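Notebook open, model loaded. I want to go through the ligand sites, then the packing, and write down what I find as I go.

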Amino acid sequence: MVACRLSHTQSVCLLASQLTSLFFIAPVLMAPTQSSMCTPLKTLNESLSQRRRYMKHNFPINYTINVHNKEIFRLSNISRLRSRIEGLNELVLQRLWFQVYQGVLKKIIQVLPQRHPSRPYTAELERRFRDAEGVFVQSHPAEVFQEDLPNKIQDIWDSLTEEPDRVPESSWRFASPKSLLDNLCHTMYCLFSECFASADVQENYCEVSHWRKGRKKDLVPES
Ligand SMILES: *[C@@H]1O[C@H](CO)[C@@H](O)[C@H](O)[C@H]1NC(C)=O
Ligand SMILES: *[C@@H]1O[C@H](CO)[C@@H](O)[C@H](O)[C@H]1NC(C)=O
Ligand SMILES: *[C@@H]1O[C@H](CO)[C@@H](O)[C@H](O)[C@H]1NC(C)=O
């Protein structure tokens, strides 16, 4: 391949060939994925529609839990990653979404005592989340999950999977369970928009402003 002979390093050459093969396989493999994902994701969305009651009303006012700052994964993060990583594959973002939110759900469950009124709800939410993840994994060939991630994504991944006692103090954030689930929900609509788009309304679930109707000060993008 000419591009390979002209390039300075082997890694560029390798990258080029990986990208080429990705483009060839992507359309074929992606098509059935979305539709099979929709059933479990819609089931998950049904649970999520109860989140105000179970993640807010059942908790003390202003209750927060400690999470890793990378577990704050919002629409603004998605648009930033898309703009900073050229040719970023949607699948990579979807994998990251599952990685982030399985950790978030685990952390919420950990703070709930056995008999807390939100415990059965959260356990079911996590079960439904895992079902969706199972379908996600099954609907792609195993090799897809062994591909190297872009560096920026790999860095996020590494901090998410770091042993909790090795995470520096400065990386922890306080967040309310409700806000974490809001983030989960909004990013799910964005990353799996095929499952949530309605035919008559032109929605763009990935736009931050979609969720902040009329609240002007909030429209300023976060840095
Ligand atoms: C999620 O589920 C709720 C409750 O069933 C529904 O009202 C809402 O429209 C769903 N969201 C999307 C984006 O489909
Ligand atoms: C909850 O937080 C809000 C905003 O930070 C504050 O105004 C309010 O006093 C807090 N309420 C309680 C009960 O701590
Ligand atoms: C999302 O952006 C915030 C800053 O706005 C940052 O603290 C957080 O770590 C980012 N999350 C991810 C998953 O990169």
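This is a predicted model: local features need pLDDT of at least 70, side-chain atom pairs count only at pLDDT 80 or more; totals for chains, interfaces and linings use all residues.

**Ligand 1.** I then looked for polar contacts. The side chain of N45 puts a polar atom 2.3 Å from an oxygen atom of ligand 1. On the nitrogen side, I found a ligand 1 nitrogen 3.4 Å from an N or O atom in the Y189 side chain. How much of ligand 1 does the protein bury? On its own ligand 1 exposes 360 Å², and the protein buries 51% of that.

**Ligand 3.** Next I moved to ligand 3, which has eight residues around it. The nearest of them are N69, K70, I72, N77 and I156. A polar backbone atom of N69 sits 3.0 Å from an oxygen atom of ligand 3, and a backbone N or O atom of I72 is 2.9 Å from a ligand 3 nitrogen. N77 uses its side chain instead: a polar atom there lies 2.3 Å from an oxygen atom of ligand 3. I checked the area too: ligand 3 taken alone exposes 370 Å², of which the protein buries 80%. The shell splits into three nonpolar, three polar and two charged residues.

**Helix 4.** I then turned to helix 4, residues 75–84. Which of its residues are buried? I noted L75, S76, I78 and L81. A reminder to myself: an α-helix has 3.6 residues a turn, so residues three or four places apart point the same way. What do the buried residues of helix 4 pack against? I traced them to helix 5 (90–111), helix 7 (151–160) and helix 8 (177–191).

**Aromatics.** I counted aromatic pairs next and got 13 in the structure. I picked W97 and F98 to look at, an edge-to-face pair with 4.9 Å centre to centre and 80 degrees between the planes.

F192 has a relative accessible area of 0%, so I put it down as buried. Widening the view, I found that W97, F98 and F192 belong to one aromatic cluster along with F73, Y101, F129, F136 and F145.

**N62.** N62 has a positive phi, about 60 degrees, although it is not a glycine. Where does N62 lie? I located N62 in the loop between helix 3 (51–57) and strand 1 (65–68). I also checked its accessibility: N62 comes out at 71%, and the cut-off for exposed is over 50%, so N62 counts as exposed.

Key. Residues are numbered from 1 along each chain as its sequence is written. Chains are lettered from A and ligands numbered from 1 in the order in which they are written. Side-chain values use heavy atoms; hydrogens and water are left out. A residue is near a molecule or strand if one of its heavy atoms lies within 4 Å of it. A polar contact is a pair of N or O atoms within 3.5 Å; within protein, one must be able to donate a hydrogen and the other to accept it, and residues adjacent in sequence count only if both atoms are side-chain atoms. Accessible areas come from the Shrake-Rupley method with a 1.4 Å probe; for residues, only the protein chains shown count as cover. Ala, Val, Leu, Ile, Met, Phe, Trp, Tyr, Cys and Pro count as nonpolar, Asp, Glu, Lys and Arg as charged, and the others, Gly among them, as polar. Buried means under 20% relative accessible area, exposed over 50%, partly exposed in between (1.4 Å probe, protein chains only). Helices (H or I, at least four residues) and strands (E, at least two) are DSSP runs, numbered from the N terminus. Contact means heavy atoms within 4.5 Å. Rings of Phe, Tyr and Trp (its six-membered ring) pair if their centres lie within 6.5 Å; planes under 30 degrees apart count as stacked, over 60 as edge-to-face and the rest as tilted.
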